[in-house]
Amino acid sequence: MGRYVARRLLQMIPVFIGSTLLVFLMMYALPGDPVRALAGEQHVDAAQIAAMKADLGLDQPIWQQYLNYLGNLFQGDLGNQIGTQRPVAEVIADAYPITVRLAIFAFVFTVVAGISLGIIAGLKAESLRDRGLLGLTLVLISMPSFVLGFLVQYFFAFQLGIAKPNVSLEPTNTELIMPAIVLASLSLAYVARLTRTSVAENMRADYMRTAVAKGLPRRRIIGVHLMRNSLIPVVTFLGTDIGALMGGAIVTEGIFNIKGVGSLVFEALAKREGATVVGVVTLLVIVYLACSLLVDLLYAVLDPRIRYA
Amino acid sequence: MPDTTALKGTDAPATAVDAPPATDAGPAPGKPRSLWSDAWHDLRRNPLFLISMALILLLAVMSIFPGLFTSASPRDANLAEHYLQHPNWGHFFAPDWLGYDGQGRSIYARVVYGARASITVGVVVTIAVTITGLVIGMLAGYFGGWIDTILSRITDVFFGVPFIVGAMVILTSFEQRSVWVVILSMAFLGWTSIARVARGSVITIKQADYVVAARALGASTTRILTRHILPNAIAPVIVVATIALGGYIAAEATLSFLGIGLAEPTVSWGIDVSAAKDQLRNAPYVLVIPSVMVSITVLSFLMFGDAVRNALDPKMR
């Protein structure tokens, strides 16, 4: 087990370095100049720009810049913002908690509602209830989050008046419920469909017939025998989904005007603040890698036949 | 033997979509049908497939010949007369049918002309990622060893970068964002899931007896890959690709909505939704109509993909 984790952690290193390099290249090798973006409409002469670039290290070759960045990164230094001079780590630390809260709410909602709907549908595959739920999930998947976001905003805030259209600067948990539902809807639909397929398949399995024949209570058959076997593909999906939720939060935050990582990335992209963008994406990559390791370890818990040497 | 079924197989769905094939009656009773003709046999009877196919055809015609649906121009703005004019639900297909937007442009015309951008992006990105993913996945799966290690790690790297964020980073670098820039940036990041599916599928198939037999008979690697492995490994890839198509259309709308996808003067549903968001309270239809179009389009491709998957998945039988 320990050796397996160690091997997985080692395998993550090239992927981590590769992902940051990819984002770094997309940010710095493509056109777009942070110093000019800082100057805006003002006229700045070429010498000033050159001096500033040399100061920021932007005149060095791209590989040199990347090595510098990586070196600093391993010392916990994500660089400074060019415009505000604030350390990027501090800026991200300010914006992160609210996005994490949003993502946790959405995740809980995905797990609870998605799995329950999936079980309800899967227990009676091909029934009217199953088809209805499948149709509902298709509709949810086909609505991009900005569409769903505005619909929810229109009905709950403008028509019914039971919620505020935008959250306040320091949102309470109640205010985050509506954005979290919007953020969760896509994953929820996928989880419901996955659970449904898996449950429907396992309903026909021999061990289910045995469990019924033994006269076990229905609650135990479904709660223990069926769930434990049906959840493996769902757990796989949920693991990769945490990363997707953090990414999807960017759109949701825009709709509900939440000042989290999403709006941070937006502002940073507009100003070509490379360090901020790369910092945020690096963090998202770490979350994604950590989750996929967690998922692989969870397999062994769910299915004792899987052993890690 | 696998050669002939495979060749028939790759032809069947294509002809089937255009016109009812002459060989509709299928093979003689008793003779086993190939995976593809079996799937087609199922699909023809699936109402979901027929509905989604009809919607997709309608959208395709709309994106190629928008003039057939409306005589109004999507760019004619008449603020004085038509500012936020409410829909006239009785005037079917007339310019004022679905009302006018905040710039006095016919929403019906904009919705019709917006189909082209969405469908083009969705279809071209899907084709591009399918080809890239297939090539990378097949090479990794077939050759294994260090080629597999390198290609799989590269796939992991691209997979680790969140799709929308990555596309945003690329797209903000471009001042002029045409349909092709959007397509390229989405295809650059999107091929990973196809590559993973193709790799897995090839690994299972390369141990099949007919591949071993072909190699023993002295078939070249290219021949084995294109004639034996590709036709037999492609079914799961097509399933993933058709379902992903809807996702790419949604992603294009999302990016355009965020103001970093397509830009005016290109007519795009995402841009229209974004422009309408400030009038959500007093003129919700300006926002709802293009939103509904995006959802219907994504839904038709999802239903299509779902039907194809059910027909191709042997587990469902």
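How far apart are the end C-alpha atoms of helix 8 (residues 173-202) of chain A, and what would a straight helix reach? In this predicted model, the helix has 30 residues, but its end C-alpha atoms are only 38 Å apart. A straight helix would reach 44 Å at 1.5 Å a residue, and helix 8 of chain A falls short of that value. A bend of about 45° is found in helix 8 of chain A, at A:S185. The surroundings of this helix were also examined. Of its 30 residues, 23 are buried, so helix 8 of chain A is largely enclosed by the rest of the structure.

One neighbour of this helix is helix 5 of chain A. Two packed helices are described by the angle between their axes and the distance between the axes. For helix 5 and helix 8 of chain A, the angle is about 35° and the axes are 6 Å apart. The crossing of helix 5 of chain A and helix 8 of chain A is right-handed. In the contact of these two helices, 23 residues are nonpolar, six are polar and two are charged.

The pattern along the sequence of chain A is accordingly written α-α-α-α-α-α-α-α-α-α-α-α. Taken along the principal axes, a box of roughly 85 × 60 × 30 Å is filled by the C-alpha atoms of chain A. Chain A has 309 residues, of which 36% count as buried. Among the contacts in chain A with a separation of 6 or more, 75% are accounted for by residues 24 or more positions apart.

Two loop residues of chain A have a positive phi without being glycine. In A:E126, phi is about 70°, although this residue is not a glycine. A:E126 is placed in the loop between helix 5 (88-123) and helix 6 (128-142) of chain A. With 10 other C-beta atoms within 10 Å, A:E126 is exposed; the cut-off for an exposed residue is 12 or fewer. In A:N257, phi is near 60°, again a positive value in a residue other than glycine. The loop that holds A:N257 lies between helix 10 (218-256) and helix 11 (261-270) of chain A. Around A:N257 there are 14 other C-beta atoms within 10 Å, and this residue is therefore partly exposed.

Chain B was described in the same terms. It has 13 helices and zero strands, and its pattern along the sequence reads α-α-α-α-α-α-α-α-α-α-α-α-α. Of the 317 residues of chain B, 47% count as buried. Residues 24 or more positions apart make up 72% of the contacts in chain B with a separation of 6 or more.

Helix 8 (residues 179-190) of chain B has twelve residues. From first C-alpha to last, this helix reaches 16 Å, close to the 16 Å expected at 1.5 Å a residue. The buried residues of helix 8 of chain B are B:V182, B:I183, B:S185, B:M186, B:A187, B:L189 and B:G190. These buried residues pack against helix 5 (107-143), helix 6, helix 7 and helix 11 of chain B.

Apart from neighbours within four places in sequence, B:S274 is in contact with B:F257 and B:G259. B:S274 and B:Y83 are 191 residues apart along the chain, and their C-alpha atoms are separated by 17 Å.

The contact between the two chains remains to be described. It involves 35 residues of chain B and 37 residues of chain A. On the side of chain B that touches chain A, at least two residues each are supplied by helix 6 (145-160), helix 7 (163-172), helix 11 (221-257) and helix 13 (284-312) of chain B. Helix 13 of chain B provides the largest share, nine residues. By type, the residues of the side of chain B that touches chain A are 23 nonpolar, eight polar and four charged.

Technical notes:
Residues numbered from 1 in each chain as written. Chains lettered and ligands numbered in written order. Predicted model: local features only at pLDDT ≥ 70, side-chain atom pairs only at ≥ 80, totals over all residues. Contact = placed C-beta atoms within 7 Å. Helix = DSSP H or I, 4+ residues; strand = E, 2+ residues; numbered from the N terminus. Nonpolar A, V, L, I, M, F, W, Y, C, P; charged D, E, K, R; others polar. Buried ≥ 20, exposed ≤ 12 C-beta atoms within 10 Å, placed from the backbone. Expected span 1.5 Å × (residues − 1). Bend = angle between axes of the 7 residues up to and from the residue. Axes fitted to C-alpha atoms, helices over the stretch in contact; angles between N-to-C directions. Left-handed = near helix turned anticlockwise from the far one by under 90°.
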